[in-house]
Amino acid sequence: VPVRNAWYLLLYAWDLVHWKGRWQAQAEAAPNLLGLLARVLVDSTRDLLRGQLGRSFGETRDEISGVRGRIDFSASLKRLSFEGGRAVCAFPVLSIDTLRNRVLRATLECLVGDPRLVVGAKREVVTELQHELRAAVRAMEGVTPIRLEAGHFNRIQLGPSDRAYTLPLNVCRLIYDLAMPTEQAGDRGLAALSRDEIGFPNLFERFVRNFCRCHMAGCSVKAESLKWPGDSHSALVPAMVTDITVEHPGPPARRLVIDTKYYKAALVAKQGGAEKLVSAHLYQIYTYLRTQEEHGARFRTASGMLLYPTTGVSLDEQLLVQGHRIQVATIDLAGDWQGIEERLASLVESSLDAA
């Protein structure tokens with residue numbers, strides 16, 4: 001998967017597709033993913049600094065004249081503060097020294113000396129980027145340097161007013177994940193992104209779902225929990241959750257269930273025989289469609305799609321099974337991004353129309 005396409009996948013998955021055009025030139029020219037992420041982080045941090053870094057109340061402790069907040073009697077007595085008309089107090093202060101800002105600063109500092117930035121890049125480009133990284137760190141004076149840990153990201157909470165932090169913090173998390181060791185040769189960043197531990201299968205699923213939300217006007221798009229027919233309430237029955245369900249209100253109402261499969265190949269051959277579709281994948285989409293027929297007309301005619309990414313062989317197979325049209329298709333993630341979007345839109349629209 002080329003760097004530019006990995007970047008576009010991430011923007012869709014993060015629901016930040018409105019940023020797609022801003023770094024398009026850098027995405028096309030970036031020699032490695034980490035260099036592109038560093039550029040995005042520098043620019044988005046600069047945007048934060050032009051406005052105002054987010055602040056929050058934190059407790060500080062200081063010796064002051066008079067009283068503010070809570071008096072620390074033990075510390076005041078040790079320092080003999082009361083004799084001079086002063087007291088050691090603990091009181092809330094609005095500060096930029098927040099966890100989210102600490103994570104930003106720590107990531108910027110890590111990038112300054114990261115040797116992976118120079119892989120495949122021109123020396124002058126790397127020098128300029130490192131200069132901007134250092135400038136961003138200096139501009140965050142007052143933010144405590146920390147050693148990044150995975151738990152830091154889990155503790156960050158963003159509200160509706162924190163939209164400006166969404167992109168830089170997502171980039172920080174990905175940069176942290178890219179620091180994981182990998183035994184694969186080549187671009188360590190892109191190799192790490194492709195590992196299941198980081199979740200490329202989930203990334204592909206989220207990309208397709210958010211793409212449908214952006215481009216399928218008037219449609220409801222969601223991951224959907226399905227109920228097994230009948231009265232069985234056994235705790236041993238597995239849950240059925242679609243990757244993407246697309247519903248058009250009509251008339252007529254139409255329904256499409258998409259199951260994304262991040263596999264090296266959409267076809268398999270057993271014992272030297274001819275290549276076939278993966279039976280387990282077909283059974284899964286078949287179950288999603290047939291078990292819901294009792295819920296109404298749009299369920300009885302719903303379409304299904306098995307969608308695979310590929311960097312080589314193209315596949316577009318149509319099946320008609322007991323009134324349900326099932327499409328098995330691939331998208332070439334190594335191709336031109338505009339072509340990827342056109343291909344995906346065409347697949348979804350044609351399958352929805354057939355429902």
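Which residues does Thr 260 touch, not counting residues up to four places away in sequence?

**View 1. Thr 260 and its contacts.** This is a predicted model. Thr 260 touches Phe 204, Glu 205, Val 208, Asp 243, Ile 244 and Leu 307, leaving out residues up to four places away in sequence. Thr 260 lies in strand β8, residues 254-260. Its relative accessible area is 9%. Buried means under 20%, so Thr 260 counts as buried.

**View 2. Helix α10, residues 200-215.** Count 16 residues here. From first C-alpha to last, α10 reaches 22 Å, close to the 22 Å expected at 1.5 Å a residue. Several of its residues are buried, including Phe 204, Glu 205 and Val 208. Thr 260 touches these three residues.

**View 3. Helix α11, residues 279-290.** This helix has twelve residues. It reaches 16 Å from its first C-alpha to its last, close to the 16 Å expected at 1.5 Å a residue. His 281, Leu 282, Ile 285, Tyr 288 and Leu 289 are buried. They sit on the same side of α11 because they cover an arc of only 125° around the axis.

View 4. Most peptide bonds are trans.

**View 5. A nonpolar surface patch.** Phe 73, Leu 77 and Phe 82 make this patch of about 320 Å². Leu 77 belongs to helix α4, residues 73-79. With 54% relative accessibility, Leu 77 counts as exposed.

**View 6. Val 88 in strand β3.** The strand covers residues 86-95. Val 88 is buried, at a relative accessible area of 1%. Its contacts include Arg 61, Asp 62, Ala 75 and Arg 79, not counting residues up to four places away in sequence. Trp 23 is 65 residues from Val 88 along the chain, and their C-alpha atoms are 50 Å apart.

**View 7. Positive phi at Leu 80 and Gln 322.** Most residues other than glycine have a negative phi. Leu 80 has phi near 60°, a positive value. Find Leu 80 in the loop between α4 and β3. Its relative accessibility is 52%, so it counts as exposed. Gln 322 has a positive phi near 50°. Its loop runs between β12 (316-321) and β13 (324-332). Gln 322 is exposed, with a relative accessible area of 51%.

Notes:
Residues numbered from 1 in each chain as written. Predicted model: local features only at pLDDT ≥ 70, side-chain atom pairs only at ≥ 80, totals over all residues. Heavy atoms only, no water. Patch = residues over 30% accessible without salt bridge, like charges linked within 9 Å, V, L, I, M, F, W, Y side chains within 5 Å. Areas by Shrake-Rupley, 256 points an atom, 1.4 Å probe, with all protein chains shown as cover. Salt bridge = Lys/Arg side-chain N within 4 Å of Asp/Glu carboxyl O. Helix = DSSP H or I, 4+ residues; strand = E, 2+ residues; numbered from the N terminus. Buried < 20%, exposed > 50% of the residue type's maximum accessible area, 1.4 Å probe, protein only. Expected span 1.5 Å × (residues − 1). Arc of directions from axis to C-beta. Contact = heavy atoms within 4.5 Å.
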